[in-house]
Structures are given as structure tokens and as C-alpha cells.
Amino acid sequence: MLLTLIDEVADEPLVLEPADRRVEVEANTWWLSAAEEDRSALSVAEVVAAFERTAAAIRQRIRERAFSGVATFYVWHDEQAGQLRCSTGSVFPDALPFGAAYAASGRLAPIVERFLADGEPGRVAWSDLDDVRSLSGQAEPEVAPLDVWVSGVGASSRPLPPGADGGRRARGSG
């Protein structure tokens, strides 16, 4: 089921509107969930291959439209929702519309591994929560940047920044 959903993303309407990124995000973002039995039946390689097929199909569609700008297809694991999410935008990998720090990478397998291994998707254990009262007056805890797989799908592209492919080079507007 998950592989079918990923493949279907490539056939959905695609909006590339550099002047209105909000419209792009709303039209081009997909939330992909999988039941426990689906997760256990899938391999990382199968899911990675499905996303790579989707990126290739989106790249072809963009070329057929003669869109000459930059476009990036990107995937991340939303741990709080227990989902893989993907989107396409007319931005470079270092300008994705995240409100917090993220690390753009060419490595999708670690993201998929975490998603498939998530035994309780969308659940946060009480022990993982901080008591707000105990944090008052303290510096805000450091949060690791969100890992995001990026694939250039537009006519214009540039390589990932040095160290970004598998590195922890954080980007973000947060």
C-alpha cells in the first residue's frame, strides 16, 4: 500500500509557482502513513526505490512542461505524526520551507529506516516529554535538525552544500 501511495504522488497535480510558495506547499505536499503490517513487510530498499522513481517521474513532468527554474523534491520523517512526508517546491535544497533547522542530504535510507522502525508511529512516550515548569529560566534545549532527503528535479539545480550529503549541516529559517 505505501509503495503504491508513493508512486501515485508522481501523477498528482504539480504546482510550480515561485512567486507564491504557500500555494506550492499546499498543493505539492503529501502525508504517507503505513499500518504496522505494511511497515514490517517493506524493506528500506523498496521504499527508497519508490521515492527515487517518483523523483524521476516528477523531473520528467517538469521537463515536459518546459519549466526552466529550480525545483526540489524532498522527503522527511515526521516523527510526531508517524508519517513520511514529501513535497516539491521551486526552491534550492538550502531554502526549503521549514520553520526549524533541517539537514539536507542525498541519503534517503536513514530516513526510511527510522520510519519503518517506528514501533508506535505518532506516539510520544511520557518519559520523552519535558516538564515545562522545570525548564523555566533554562536555555532552550538544543534540537537536532530534521533530516531531509533532497533531489533536484528542475532544469536549474546546484549540488548540496559541502558536508550536507550525510552530514549535519543545518539549514532553516527557525
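The legends below describe close-up views of one predicted protein model.

In this predicted model, local features are given where pLDDT is at least 70 and side-chain atom pairs count only at pLDDT 80 or more, whereas totals for chains, interfaces and linings use all residues. Residues are numbered from 1 along each chain as its sequence is written, and side-chain values use heavy atoms, with hydrogens and water left out.

**View 1. The protein chain as a whole contains six helices and six strands.**
Helices (H or I, at least four residues) and strands (E, at least two) are DSSP runs that are numbered from the N terminus. Followed along the sequence, these elements give the pattern α-α-β-α-α-β-β-β-α-α-β-β. Of the 174 residues in the protein chain, 38% are buried, where buried means under 20% relative accessible area, exposed means over 50%, and partly exposed lies in between (1.4 Å probe, protein chains only). When contacts (heavy atoms within 4.5 Å) are taken between residues at least 6 apart in sequence, 77% of them join residues at least 24 apart.

**View 2. Helix 1 packs against helix 4.**
Two packed helices are described by the angle between their axes and the distance between the axes. Here the axes are lines fitted to C-alpha atoms, for helices over the stretch in contact, and the angles run from 0 to 180 degrees between N-to-C directions. The axes of helix 1 and helix 4 come within 8 Å of each other and cross at roughly 15°, which means that helix 1 is roughly parallel to helix 4. In this scheme, angles under 35 degrees count as roughly parallel, over 145 as roughly antiparallel, 65 to 115 as roughly perpendicular, and the rest as oblique. The crossing is right-handed; a crossing has this name if the near helix is turned clockwise from the far one by less than a right angle, and is left-handed if the turn is anticlockwise. On the side of helix 1 the contact is made by Leu2, Leu3, Ile6, Asp7 and Val9, and on the side of helix 4 by Glu46, Val47, Ala50, Phe51, Arg53, Thr54 and Arg61. By class, these residues divide into seven nonpolar, one polar and four charged, where Ala, Val, Leu, Ile, Met, Phe, Trp, Tyr, Cys and Pro count as nonpolar, Asp, Glu, Lys and Arg as charged, and the others, Gly among them, as polar.

**View 3. Helix 4 also packs against helix 5.**
Helix 4 (residues 44-64) and helix 5 (residues 109-117) meet at an angle of about 125°, and their axes are 9 Å apart, so helix 4 is oblique to helix 5. The crossing of helix 4 and helix 5 is right-handed. Val44, Val47 and Val48 of helix 4 make the contact with Ala109, Val112, Glu113 and Leu116 of helix 5. Six nonpolar residues, no polar residues and one charged residue take part in this contact.

**View 4. The largest nonpolar core has 28 residues.**
A nonpolar core is a set of buried Ala, Val, Leu, Ile, Met, Phe, Trp, Tyr and Cys residues joined through side-chain atoms within 4.5 Å. In the largest one, the residues with the most contacts inside the core are Val47, Phe51 and Phe73. Helix 1 (2-9), helix 4, strand 2 (72-78), strand 3 (83-89) and helix 5 each supply at least two residues of this core, and the largest share, seven residues, comes from helix 4. Leaving aside its neighbours within four places in sequence, Phe51 is in contact with Ile6, Leu32, Phe73, Val75, Leu84, Cys86, Leu108 and Trp149. Another core, of nine residues, lies apart from the largest one, and Tyr74, Phe98, Val148 and Val150 are among its residues.

**View 5. The loop between helix 4 and strand 2 includes Ala66 and Ser68.**
Ala66 has a positive phi of about 60° although it is not a glycine, and this residue is exposed, with a relative accessible area of 62%. Ser68 also counts as exposed, at 59% relative accessibility. The C-alpha atoms of Ser68 and Ala155 are 5.1 Å apart in space, although the two residues are 87 apart in sequence. Not counting residues up to four places away in sequence, Ser68 touches Ala155 and Ser156.

**View 6. Thr72 lies in strand 2.**
Thr72 is buried, with a relative accessible area of 1%. Among its contacts, leaving aside neighbours within four places in sequence, are Ser87, Thr88, Gly89, Val91 and Val150. Thr72 and Val91 are 19 residues apart in sequence, and their C-alpha atoms are 6.1 Å apart.
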